[in-house]
Every structure is written in structure tokens, then in C-alpha cells.
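Please have the sequence and the 3D view open while reading.

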Amino acid sequence: MTPATALIETPAASANALHWGVVTVFAIVYLGMFLGGLPRLKLDRAGIALLGAIAMIGLGAMDVATAARAIDLPTILLLFSFMVISAQMRLGGFYGAIAHGIAQQAWSRRALLAALIFVAGALSAVFSNDVICLAMTPVVARICLERGLDPIPFLVGLACAANVGSAATLIGNPQNMLIGSVMGLNFGRYLAAAAPPALLGLGAIWLWLAFATGRGEQPRLPPTRAAASTAEPPLDRGQSAKGLVVVTVVLAAFLLTSWPHEVVALVAAGVLLLSRRLHSAEVMGYVDWSLLVLFMGLFVVNRAFEQTGLAAEAVAWLVARGIAPGDLLPLTVLGVGLSNMVSNVPAVMLLLPHLHGETQGIVLALTTTLAGNLLLVGSIANLIVADLARREGIDIGWRAHARIGLPVTALTLAITLSWLALR
């Protein structure tokens with residue numbers, strides 16, 4: 001090989017090495033998303049995404065400025081802002097007061113299930129499904145133990161209702177915020193399209209749990225098995241009212257104006273941080289910084305992989321065989337499948353670059369959210385409920401969850417697909 005030939009071939013060889021380096025990092029990152037970590041390493045999904053982004057920059061797939069541009073800042077700001085709003089409501093004791101209010105009622109099993117499901121679903125549509133599960137799970141567990149009820153249908157029902165209710169709006173969960181921000185969906189039109197199937201889905205959850213699951217009662221667990229969980233803050237009517245007023249104004253702005261959602265939400269968060277009662281450090285302590293890091297890391301990793309052209313080639317291959325990823329059934333299959341392989345947010349990030357238009361955005365938001373009920377690992381809300389239930393001495397294994405999650409997912413997806421097809 002002559003020096004001239006070496007000079008010609010070296011850049012090509014370097015580009016090929018970079019190409020496969022990016023593919024390798026991408027594959028490792030999404031293996032970590034699937035497993036929830038990497039073998040022998042103390043990494044969670046956020047840590048894996050962050051290291052993946054660092055690796056892409058270190059490989060030279062993109063420079064720091066390009067990586068920064070890959071991050072969708074409006075989505076990050078929207079997420080952060082609603083975390084602050086939810087923190088205000090939690091520190092004001094609002095969620096705990098609602099849960100205790102339900103607990104104090106002398107309702108039958110079916111009435112209690114109905115109240116739990118519809119209240120959790122409604123709150124999740126505004127304040128995020130994960131936060132509602134964090135606040136309500138300990139109270140629901142104790143209600144069941146004190147009344148001698150089997151707690152598993154109630155707790156799994158809580159997680160399922162929180163997921164389904166969160167699908168009703170573009171602020172109910174992180175993946176919907178991402179879809180709404182990136183695709184520029186209209187808040188009111190999405191609400192009109194998604195709220196009816198979400199409401200019907202909550203009804204389907206109640207029917208299944210009330211009539212298809214056992215009505216058996218179990219003895220109260222011994223006190224030694226029930227561990228005390230962290231108590232929710234007591235109700236502060238002033239702070240709760242402040243949060244409710246602010247969130248009402250935010251929703252009105254989303255529905256009635258064309259102002260950028262992230263700006264409206266950020267201003268609202270700023271108003272809440274101006275407080276004489278709640279220290280800003282206390283409020284910021286409830287912000288899920290790991291989730292924000294996960295988003296930013298995956299934005300960078302996905303952009304680097306997108307530059308390889310392999311994703312576009314895969315989509316072209318499907319289209320050539322008559323399968324359009326944006327059509328209702330293929331998109332549903334992809335959304336449900338990927339959401340249960342790598343979780344909702346990574347699945348949405350993989351699919352978003354290949355989708356266009358309001359209809360495809362609505363389908364993606366609904367299906368990836370409803371898919372979270374299928375398996376215990378399908379959504380963070382499920383894992384939160386299972387973890388907090390374990391502290392109360394209640395074990396929700398994957399089989400126990402699947403006995404409820406599988407039929408609930410099938411029912412809610414059938415309702416949603418029928419509704420979307422009719423529209």
C-alpha cells in the first residue's frame with residue numbers, strides 16, 4: 001500500500017469505525033433500558049443514558065454544541081416545571097388529604113374501588129401518574145389491611161388507573177409531554193381525542209376489578225409484617241389552594257391561548273417557588289433530576305444513532321413491504337411492543353423521528369401509555385406501587401400484576417383503537 005492509498009483509505013476506515021462505534025453504544029444503552037441496568041455495574045437507566053451520551057461525544061459522533069442542540073429544551077423545561085407544580089401540591093398535603101378522605105368513607109368494596117380508580121385517574125391527568133402513585137399507595141394499602149380486603153386488586157388497580165388517566169392529557173406523564181412538545185400538538189384537540197377513551201378505560205378497569213376478580217377477603221396481616229412508610233405532609237389549605245389556582249391558570253392558558261406551553265409552565269413554577277412558607281430547596285428536592293438526565297442522555301444517543309441512517313433504512317424497508325409505521329395498527333404494535341421492552345420514554349424517543357401529524361402523535365401517546373399496564377416493569381408507576389406495597393408487607397409479583405394488567409391492557413387498547421378508528 002502506497003502512502004497516497006493509505007491517505008485515501010484512512011478516512012473511510014475511520015468513518016466506518018465511528019459508525020459501528022455509535023451502533024454499539026446505542027445497542028448497549030437500549031440493552032440497559034430493557035434490563036433496567038447493566039450486569040455488574042451499579043447503574044440505573046438514567047446513569048446508562050448519561051454515559052451513553054458521554055460516549056457519543058467521546059467517540060466524536062458529535063461535538064458538545066451539537067449534543068446540546070440535540071436536547072429538546074422545551075420538553076425538559078415542561079417536565080421540570082410540572083415537577084415543581086406537583087411538589088407544591090404534595091408539600092401542601094393535597095394528595096394525602098384526598099387519599100385519606102376516600103379512606104374515611106364507609107363504602108362497599110365496589111364503591112371503594114370506583115372512588116379510588118376515578119380519583120387516581122383524574123389527578124394523574126393533571127399532576128402526573130408517578131406522583132399520584134407515590135402519594136396514594138401507602139394509604140390504599142392501609143385501607144385494605146384495616147378492612148381485611150385483598151390489597152392486590154386495589155393496588156394494581158391504582159397503578160392501572162393512574163396510567164390510563166394520565167393518557168387523557170399532554171401533561172399526564174413524561175412521554176406525553178415529550179410527544180406534545182416535539183410534535184407541537186394542540187392541548188385542547190388532544191384532550192378531545194384522548195379523554196373519552198381514557199374515561200371509558202377507567203370504567204373498564206373498575207368493571208374488571210369489581211366483577212371479574214375475586215371478592216375474597218383476607219385476614220389482616222400481622223403488625224410485624226407491615227412496615228411504616230413515609231407519611232405524607234399534613235394538609236396545608238393555603239399552599240394547596242395556591243397550587244390549585246396556579247395549575248388552573250396553566251390549564252386555561254393551554255386551552256385558550258397559543259402561548260408556548262413550556263414558557264407558561266416555567267412561569268407558573270417560578271410563581272410557586274416564590275414562597276414565604278416552603279423553602280425552594282425543599283420544593284426542588286421533589287424534582288426527579290434522574291428523569292431529566294434520562295431524557296437529555298437519550299436525546300443525544302438517539303440523535304447520534306439517527307445520523308447513521310440505519311433507522312431510516314429500517315423504516316424504508318417496512319414501507320417497501322407495505323407496512324407504514326405511522327398507520328394505526330402498526331404504530332400500536334410498535335408502541336406496545338417497544339414500551340414493554342425498553343419502557344415508555346425510550347420507546348417514544350425511538351419512534352418520534354419517523355412520525356408526522358397530529359393523528360400519529362395522538363396514537364403514539366395513547367398506546368405507549370396504555371401499554372404500561374401490561375407488565376409490572378411496563379411503567380415507573382407500577383414499580384412505585386410495588387415498592388411501596390412491599391414496605392407495607394404486601395408482595396405484588398409479576399404474576400399478580402399480570403393477572404390484572406393483561407386484561408386491563410387488552411380492554412383499554414380495544415376501547416382506544418375502536419375510538420380512534422371511528423374518528
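D387 and R391 meet through their side chains in a salt bridge, 3.0 Å from N to O; a salt bridge is a side-chain nitrogen of Lys or Arg within 4 Å of a carboxyl oxygen of Asp or Glu. The model is predicted, so local features need pLDDT of at least 70 and side-chain atom pairs pLDDT 80 or more, while totals for chains, interfaces and linings use all residues. Residues are numbered from 1 along each chain as its sequence is written, and side-chain values use heavy atoms, with hydrogens and water left out.

- Salt bridges that share partners join D387, R390 and R391 into one network.
- E358 forms a salt bridge with R189, with the closest N and O atoms 2.7 Å apart. This pair links helix α18 (residues 358-370), which holds E358, to helix α10 (residues 187-212), which holds R189, across 169 residues.
- R277 and D236 form a salt bridge at 2.9 Å, N to O.
- The whole structure has six salt bridges.

**Accessibility**
- R277 is exposed at 58% relative accessibility, and D236 is buried at 18% (buried is under 20% relative accessible area, exposed over 50%, partly exposed in between; 1.4 Å probe, protein chains only).

**Nonpolar core**
- The largest nonpolar core has 134 residues, of which M33, F82, F127 and F295 touch the most other members. Such a core is a set of buried Ala, Val, Leu, Ile, Met, Phe, Trp, Tyr and Cys residues joined through side-chain atoms within 4.5 Å.

Definitions and conventions:
Helices (H or I, at least four residues) and strands (E, at least two) are DSSP runs, numbered from the N terminus.
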